[in-house]
Amino acid sequence: MAKKVMGQGGVKGARRPEVRLPPLEPFRDGELEPDGDYDGLEFREEELVGQDGAGARFMDCALRGCALDETRLRHARILDSVLTGLRGVGTDLAESNLRDVELVDARLGGVQLHGAVLERVLIRGGKIDYLNLRKAKLRDVVFEGCVLLEPDFGGARLERVEFVDCALKGVDLTGATLTDVDLRAAAELEIVRGVDRLSGAVISSGQLLDLAPVLAAQLGIRVEG
């Protein structure tokens, strides 16, 4: 079940996930398995460092305070789940599918989500460095109160995506396609590449002024005086 938030100024608002977890059983298997099937489990402060869960399915799960350094979750499916306090560097979620997921207070670096599909996902709080979303598909995704350092949206498709009270530093939008993307409430917006791809997004007048030098450079305009 998702909550639809009405946008303003003609922008369609993102539908947020409303995850209601059933009673959960603790995860006791020790290690993830490729193509594993995990249903109704709680992973609490598990050290999943370097483990291989490629192709695994997580349904109605909670991951709380887990370490995911170099964890391999390529092609994983994470559905109707809550991920809280995750930490790690180099987590591989390439070509994975996240649907109706809440990611809260993550501390991650170098996360590989290229080619992934994110639908009805809320990313709230925390800090994610060097997030790779190249050629990913994001629909009904909300980034709220988080810090994104040098996120790469190259070639990605963003539809009904909102950035609320978050800092976006060193954003790469090269080749991206934006539809109903709302950047007005971002606390900080720094686009270093692909500013020409902002068609389909809405920004505030203040953000336009901040982006003016980048826009001028993109258009080959020389500003003097």
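## The nonpolar core

A nonpolar core is a set of buried Ala, Val, Leu, Ile, Met, Phe, Trp, Tyr and Cys residues that are joined through side-chain atoms within 4.5 Å, where buried means under 20% relative accessible area, exposed over 50% and partly exposed in between, with a 1.4 Å probe and protein chains only. The model described here is predicted, so local features need pLDDT of at least 70 and side-chain atom pairs count only at pLDDT 80 or more, while totals for chains, interfaces and linings use all residues. Residues are numbered from 1 along each chain as its sequence is written, and side-chain values use heavy atoms, with hydrogens and water left out.

The largest nonpolar core has 57 residues, and those that touch the most other members are Y38, F43, F58, L138, F143, F153 and F163. Strand β10, residues 97-109, gives the most to this core, with five residues; strands (E, at least two residues) and helices (H or I, at least four) are DSSP runs numbered from the N terminus. In soluble globular proteins, nonpolar side chains tend to be buried together.

## Aromatic pairs

Across the whole structure, a search finds seven aromatic pairs. Rings of Phe, Tyr and Trp (its six-membered ring) pair if their centres lie within 6.5 Å, and planes under 30 degrees apart count as stacked, over 60 as edge-to-face and the rest as tilted. The pair of Y38 and F43 is edge-to-face, because the ring centres are 5.9 Å apart and the planes stand at 80°. Y38 is buried at a relative accessible area of 5%, and F43 is buried at 0%.

The rings of F143 and F163 are stacked, because their centres are 4.9 Å apart and their planes are at 5°. This pair links distant parts of the chain, with F143 in strand β12 (residues 137-144) and F163 in strand β14 (residues 157-164), 20 residues apart. F143 is buried with a relative accessible area of 0%, and F163 is buried at 3%.

When neighbours within four places in sequence are left aside, F143 is in contact with I123, L138, L148, V161, E162, F163, V164 and C166, contact meaning heavy atoms within 4.5 Å. Elsewhere, one aromatic cluster is formed by F27, Y38, F43 and F58.

## Positive phi values

Most residues other than glycine have a negative phi. D100, in strand β10, has a positive phi near 55°, and D100 is buried at a relative accessible area of 6%. R160, which lies in strand β14, has a positive phi near 50°, and R160 counts as buried at 17% relative accessibility.
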